[in-house]
Amino acid sequence: LVDDGSIEPESLRILSELQRYFNDTTNVPFRFIRTANRFPGAARNTAVEAARGKYVAFSDDDDIPKKNWISTLVYTAHKTHADVVTCMADAFLGTSVPRPGEGGLFRWIPVGPSAELGMYHNVYGSSQALVRKKAFFKIGGFSEEGESTYEDWEFFSNTVLKGFHLETVPEPLIWYRQRNRNDAKSLMTTTNTYTN
């Protein structure tokens, strides 16, 4: 887990609880890395450099994986020999996901590895992806440009344009917290609009 400069008391409290939990659990190999805030791309690159496994899965603090998230991504990677596996997402507002039967704000349905459409919009899938570690470095990792929040889109575009195998699971495997663009905490309001 890479904490890229959390300063909010609630975030720090939760991170401390997680760290205590995993330190007390000997059967789960888990590492905490704390860095200055250099935006998502740098945090993800730091995580991959520290990872020891064959695959790396990404999840952000505003996303909530569904029960079958990681198992479905790994299954898909094994069955298809994909280098990168993404998925659909259900969006919601607020601090907790909708209860069963309530539905979400909207469902994001990406089309998959289309480089042509990918020039105009992220059609590849959610940033909560599974990536084969060896391929990650060959693809070039995530952009660490601090004024951009579309590092996932750029990474997926590079994946497809460089001839790597990207699969998009046609199932919403995560809950994505949609933030109001006027929210002071939103990266969309704190980064350069034209760079994005």
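1. Threonine 46 belongs to helix 2, residues 39-50; helices here are DSSP runs of H or I with at least four residues, strands are runs of E with at least two, and both are numbered from the N terminus. The model is predicted: local features need pLDDT of at least 70 and side-chain atom pairs count only at pLDDT 80 or more, whereas totals for chains, interfaces and linings use all residues. Residues are numbered from 1 along each chain as its sequence is written, and side-chain values use heavy atoms, with hydrogens and water left out.

2. Threonine 46 counts as buried because its relative accessibility is 17%. Buried denotes under 20% relative accessible area, exposed over 50%, and partly exposed the range in between, with a 1.4 Å probe and protein chains only. Residues up to four places away in sequence being set aside, threonine 46 touches Val2, Ile33, Thr35 and Arg38; contact means heavy atoms within 4.5 Å.

3. Arginine 38, one of these partners, is placed in the loop between strand 2 (33-35) and helix 2. With a relative accessibility of 41%, arginine 38 is classed as partly exposed. Apart from neighbours within four places in sequence, its contacts are Thr46 and Glu144. The C-alpha atoms of arginine 38 and glutamate 145 are 8.4 Å apart, although 107 residues separate the two along the chain.

4. Which residues have the most contacts inside the largest nonpolar core? They are Phe58, Val84, Tyr124, Phe136, Phe155 and Phe156, in a core of 18 residues. Helix 5 (133-139) and helix 6 (151-161) each contribute at least two residues to this core, and helix 6 gives the most, with four. A nonpolar core is a set of buried Ala, Val, Leu, Ile, Met, Phe, Trp, Tyr and Cys residues joined through side-chain atoms within 4.5 Å.

5. Phenylalanine 136 touches Asn45, Val48, Phe58, Val131, Gly141, Phe142 and Phe155, residues up to four places away in sequence not being counted. A second, separate core has 12 residues, among them Val85, Cys87, Leu130 and Val169.

6. Strand 5 (residues 84-92) is largely enclosed by the rest of the structure, because nine of its nine residues are buried. Nine bridges connect strand 5 with strand 8, and the two run parallel; strands pair if DSSP finds at least two bridges between them. Within strand 8, valine 169 is the bridge partner of cysteine 87.

7. The other pairings described for strand 5 concern strands 6 and 7. Strand 6 (residues 106-108) runs antiparallel to strand 5 and is joined to it by three bridges, with phenylalanine 106 opposite alanine 91. Strand 7 (residues 130-132) is likewise antiparallel to strand 5, through two bridges, and valine 84 stands opposite valine 131 there.

8. Threonine 168 lies in strand 8, residues 166-177. Is this residue, threonine 168, buried or exposed? Its relative accessibility of 17% is the reason it counts as buried. The side chains of threonine 168 and threonine 86 form a polar contact of 3.1 Å; a polar contact is a pair of N or O atoms within 3.5 Å, where within protein one must be able to donate a hydrogen and the other to accept it, and residues adjacent in sequence count only if both atoms are side-chain atoms. The side chain of threonine 168 also reaches the backbone oxygen of tyrosine 124 at 2.7 Å. Its contacts, not counting residues up to four places away in sequence, are Thr86, Cys87, Pro110, Gly112, Pro113 and Tyr124.
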